[in-house]
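Let's take a walk through this model, one stop at a time. Have the viewer open as you read.

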Amino acid sequence: MEKWADNKAWFLVLPVFVVVAFSAIIPLMTVVNYSIQDIFGPGNAVFVGTEWFKQMLTDTRLHDALGRQFIFSGLVLLIEIPLGILIALAMPKKGWGASASLVTLAIPLLIPWNVIGTIWIIFTRPDIGLFGVGINSLNLLDVPFDHTARPSYAWATLMAMEVWHWTPLVALLCYAGLRAIPEAYFQAAKIDGASSWAVFHYIQLPKMRGVLTIAILLRWMDSFLIYAEPFALTGGGPGNSTTFLSIYLVKLATGQFDLGPAAAFSLIYFLIVLLFCFIFYQALLNVGKGEKTS
Amino acid sequence: MGLKIQNVSKVVGGETHLRQIDLVFETGSRNVLLGRTLSGKTSLLRIMAGLDRPTSGKIIIDGQDMTGVSVRKRSVAMVYQQFINYPSLSVYNNIASPLKIGGMPKKELDRRVRETAEMLHLEGMLDRIPAELSGGQQQRTAIARALVKEAQLLLLDEPLVNLDYKLREELRVDLQEIFRKRSAIVVYTTTEPSEALMLGGNVVVLDEGRVLQTGATAMVYQRPETLRAAEVFSDPPINALDSAVTHGGAVMGDNIPVPLTGHLGRLADGAYRFAFRSNHLWLSSQEDGDIAITGKVELAEINGSETFIYVHHGKSAFVVQQEGVHPFSMGNEITVFINPKHLFVYDTAGQLVAAPQATGPSNRRE
């Protein structure tokens, strides 16, 4: 091929460079800038080095929020992934049943996040909510249900909200993965005389590896960054029981205007998410590969 | 003893896939189901395996009616077009899987797995998973899984289509060897006449869900009873020109006189279709008595080391198969030669009237 006379082709990369600069690099660098300065006002800032990082890393409220966050995201994965797989396995393969279940599953995904918060708050309200009034009329709980009454009530409501909202995504991804398996696999298993558990374990699950990797990564990241739901429900309460990382971060940044610590916190938060995505991805790439025979 | 298919039909959603099939496969026989796509080969295999129930008719195995019996209770093994293996299991465990379900003792299982792996040249890759293998090796694993069971009925549904040419040739040679040693009924489907001829045994020519002809593969190739069967059993499909016999002389296509000698000698007056395979056409006269056919080149297709020339002749068209690469321009006049001894004669309804003398091994390119 002939060599280009000049390097004009670089101009073609420019639009992407500009977009990425404004969407990612510049905002991130602003945060980095804040995280190493103490800002008193416009044009009045002092360089403080790694002080904010040290402060945030030893902040017990952050540790608590991080702990809650891990428990929450862990529970989300433990419930949503198996549940999503079960739903996908139970869905009809063709006909009107398939279309109907797909549409039904997609509904929660189409509703804006804060609307979901509102729906569930109304649904669980002890005075007018269907669930709240219903469960209290049964007199099963020693303290009447009210999501502000006990941390466990707030958590249960949040989990229900999260599972209702996002399990369909996992189910849809798994359904797509299952539908992509050629019919011949199931016939071959039938000829072998394999049980339905064996079909699931040795055919369906390995064939869903790709979509499950995506589902786990998406759900992990998303639940780790949860904000709208606890904010709408109790604003992080009762007490600090639903103060997850992002709630605490927003309190710090826009409530107390501690921009420096908040910026340091943001960067740490970002690194944690990145680290876990990497760990999950590596683990999922290697899981179930090559059961060696000796 | 063997497998008997009795008057089997299969209708799916108002569409007939199989029409009243009657076939017998003897134990230890090698059988090829030859037919184009959608001719019903796979439907028939699935019914034989017990994966599908026929709409009507019976499947009788060793004298027992097995029509409604589930595939799990039959002694069947099947190989598919796609490479079907358990994705997360090693090659060893893949091959072992049908035996494990049967609960075979470990020592015996290990011996059989290794023996089968060796037969298919998989010894070196027993620890790998299917995704780490080439397409040919994946299909070898699938075939090993089917063979290790030593099932009564071994079904192969176009097992070589998804492999490239070279691998296909290799595996085809291995398969012939493997089939020879089997005591099972082997049923192999293919769309390619050359593959059917190579595998030998018996052939069932299928077309639109109907059995056109059955018999020893070479015999059927030499005497296709109908023009349709001849078309299915020739690649490119056999050429046919409208012809007529009057007062002891014959005219083929666009007024080409054909001497009525040899097997053509006893033709009665009337309208016929003279048919000839593309590989019996030559670009120059080969021997005395060759007749010349002229036409216009419509297309010349170079395929590997062969050239297929599509020729327009009067109102019909035919294909010439020539070894070597021959460039032709579209629209040019062309003259090709054929010896009348290679002509098949069909009546206007497509029934065989006269076939060329079988020439045995001296027949070229078959």
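In which helix of chain B does B:Lys41 lie? B:Lys41 belongs to helix H1 of chain B, residues 41–49. Before going on, some housekeeping: this is a predicted model, where local features need pLDDT of at least 70, side-chain atom pairs count only at pLDDT 80 or more, and totals for chains, interfaces and linings use all residues. Residues are numbered from 1 along each chain as its sequence is written, while chains are lettered from A and ligands numbered from 1 in the order in which they are written. Helices (H or I, at least four residues) and strands (E, at least two) are DSSP runs, numbered from the N terminus.

Back to B:Lys41. Is it buried or exposed? B:Lys41 is buried, because 25 other C-beta atoms lie within 10 Å; the cut-offs are 20 or more for buried, 12 or fewer for exposed, and partly exposed in between, counting other C-beta atoms within 10 Å of the residue's own, with C-beta atoms placed from the backbone. Leaving out residues up to four places away in sequence, B:Lys41 touches B:Leu33, B:Gly35, B:Thr189 and B:Leu206. A contact here means that the C-beta atoms of two residues, placed from the backbone, lie within 7 Å. B:Val203 is 162 residues from B:Lys41 in sequence, yet the two are 12 Å apart in space, C-alpha to C-alpha.

Most residues other than glycine have a negative phi, and most peptide bonds are trans. B:Glu150 isn't a glycine, but its phi is positive, about 50°. You'll find B:Glu150 in the loop between helix H4 (135–148) and strand E7 (153–157) of chain B, and it counts as partly exposed because it has 16 C-beta neighbours inside 10 Å. B:Glu208 also has a positive phi, near 45°. B:Glu208 sits in the loop between strands E9 (202–207) and E10 (210–216) of chain B, and with 15 other C-beta atoms within 10 Å it is partly exposed. As for the peptide bonds, the one from B:Asp235 to B:Pro236 is cis, with omega near -5°. B:Pro236 is in the loop between helix H8 (227–232) and strand E11 (239–246) of chain B.

Next, the interface: 23 residues of chain B are in contact with 20 residues of chain A. On the chain B side, strand E6 (76–79) and helix H2 (91–101) are the elements giving two or more residues. H2(B) supplies the largest share, five residues. By class, that side of chain B has 16 nonpolar, five polar and two charged residues. For these classes, Ala, Val, Leu, Ile, Met, Phe, Trp, Tyr, Cys and Pro count as nonpolar, Asp, Glu, Lys and Arg as charged, and the others, Gly among them, as polar.

Chain B averages 88, and 98% of its residues score at least 70. Over residues 361–366 of chain B, though, the pLDDT is below 50, and beyond near neighbours in sequence this stretch has two contacts in the model. For the complex, the predictor gives an ipTM of 0.78 and a pTM of 0.78.

Conventions:
pLDDT = per-residue confidence, 0-100.
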